[in-house]
Amino acid sequence: LMFLILTGNNMKVFNNKDGFIFLEILIASALIGIVFITLLGLGFSTLQISISIQKTAQADALAREELEALRSFRDATTWQSNGLGIVATGSANPYHLFFSSNQWTIVSGTNSVGIFSRKIIIDRVSRDPATQNIESTYNSANDDPDTRKVTTSISWENKTNEFVTYLTNWQK
């Protein structure tokens with residue numbers, strides 16, 4: 001449809017398409033804005049996930065470092081005189097390792113590294129007499145004096161990663 005408007009000596013023609021073009025531009029701008037906001041939100045989420053993955057990788061590295069230090073401590077000591085065989089066990093006795101004078105030393109308490117807190121819990125182990133498999137619940141009647149369950153715990157920002165391994169008196 002076209003409209004003809006006469007005003008004095010001027011004649012102007014209006015087309016219905018003029019209104020639709022404005023509406024199309026408005027809709028296109030709204031869609032571009034929605035897509036931009038969505039992409040911005042996606043980018044923010046990706047950044048948050050990336051930071052979380054980085055912190056988890058750092059926690060894993062700290063746990064591995066602590067376990068390797070504990071293995072080094074075990075290898076440089078005598079199990080029953082100054083090694084893992086004589087340390088207090090259970091969750092009430094957390095430990096961490098400290099490097100001094102070219103050797104690892106086991107120390108009571110937790111250790112802070114940046115935003116991370118790490119500790120080692122050492123537990124006694126019992127074995128089934130028939131199968132020699134480690135029992136899921138400790139039984140003092142079947143105590144294995146030459147094996148310890150080691151749980152390394154890394155905590156940060158209300159998150160905790162735990163790693164469990166068993167160490168034996170390999171020098172026996």
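E65, E66 and R118 are linked in a network of salt bridges, a salt bridge being a side-chain nitrogen of Lys or Arg within 4 Å of a carboxyl oxygen of Asp or Glu. That's a handy place to start a tour of this chain. Before going on, know that this is a predicted model, where local features need pLDDT of at least 70 and side-chain atom pairs count only at pLDDT 80 or more, while totals for chains, interfaces and linings use all residues. Residues are numbered from 1 along each chain as its sequence is written, and side-chain values use heavy atoms, with hydrogens and water left out.

## The overall layout

The protein chain has two helices and eight strands; these are DSSP runs numbered from the N terminus, with helices being H or I of at least four residues and strands E of at least two. Reading from the N terminus, the order goes β-β-α-α-β-β-β-β-β-β.

How much of the chain is buried? Of its 172 residues, 25% count that way. Here, buried means under 20% relative accessible area, exposed means over 50%, and partly exposed is in between, using a 1.4 Å probe and protein chains only. The accessible surface comes to about 11700 Å², and carbon and sulfur atoms hold 59% of that. Areas like this come from the Shrake-Rupley method with a 1.4 Å probe, and for residues only the protein chains shown count as cover.

As for contacts (heavy atoms within 4.5 Å), take those between residues at least 6 apart in sequence: 50% of them join residues at least 24 apart.

## Salt bridges

Side chains of opposite charge can pair when their charged atoms come close. Searching the whole structure turns up seven salt bridges.

| Pair | Closest N and O atoms |
|---|---|
| R118 and E65 | 2.7 Å |
| E68 and R71 | 2.8 Å |
| R124 and D143 | 2.8 Å |

Take R118 and E65, which bridge at 2.7 Å. R118 sits in strand β6 and E65 in helix α1, so this pair ties together parts that are 53 residues apart in sequence. R118 is buried at 8% relative accessibility, whereas E65 is partly exposed at 41%.

E68 and R71 are another story: these two are three residues apart in helix α1, so about one helical turn separates them. E68 is partly exposed at 48% relative accessibility, and R71 is partly exposed at 26%.

Then there's R124, whose bridge to D143 has its closest N and O atoms 2.8 Å apart. R124 belongs to strand β6 and D143 to strand β7 (residues 143-156), so the pair joins parts 19 residues apart in sequence. R124 is partly exposed at 31%, and D143 is partly exposed at 25%.

## The nonpolar cores

Which residues of the largest nonpolar core touch the most other members? Out of its 14 residues, they are L70, L84, L97, I106, I120 and I122. A nonpolar core is a set of buried Ala, Val, Leu, Ile, Met, Phe, Trp, Tyr and Cys residues joined through side-chain atoms within 4.5 Å. Two or more residues come from each of α1 (17-76), β3 (95-100) and β6 (116-126), and α1 gives the largest share, with four residues.

Setting aside neighbours within four places in sequence, I122 is in contact with L84, V87, A88, T89, G90, Y95, I106, R148 and K149.

There's also a second, separate core of six residues, with L62, A63, F116 and I154 among them.

The structure holds two aromatic pairs. One of them is F116 with W156, a tilted pair at 5.5 Å centre to centre and 55° between the planes. F116 lies in strand β6 and W156 in strand β7, so the pair ties together parts that are 40 residues apart in sequence. For pairing, rings of Phe, Tyr and Trp (its six-membered ring) need centres within 6.5 Å; planes under 30 degrees apart count as stacked, over 60 as edge-to-face and the rest as tilted.

## One more buried residue

N169 is found in the segment after β8 (159-168). Is N169 buried or exposed? N169 is buried, with a relative accessible area of 14%. Not counting residues up to four places away in sequence, N169 touches W79 and D146.
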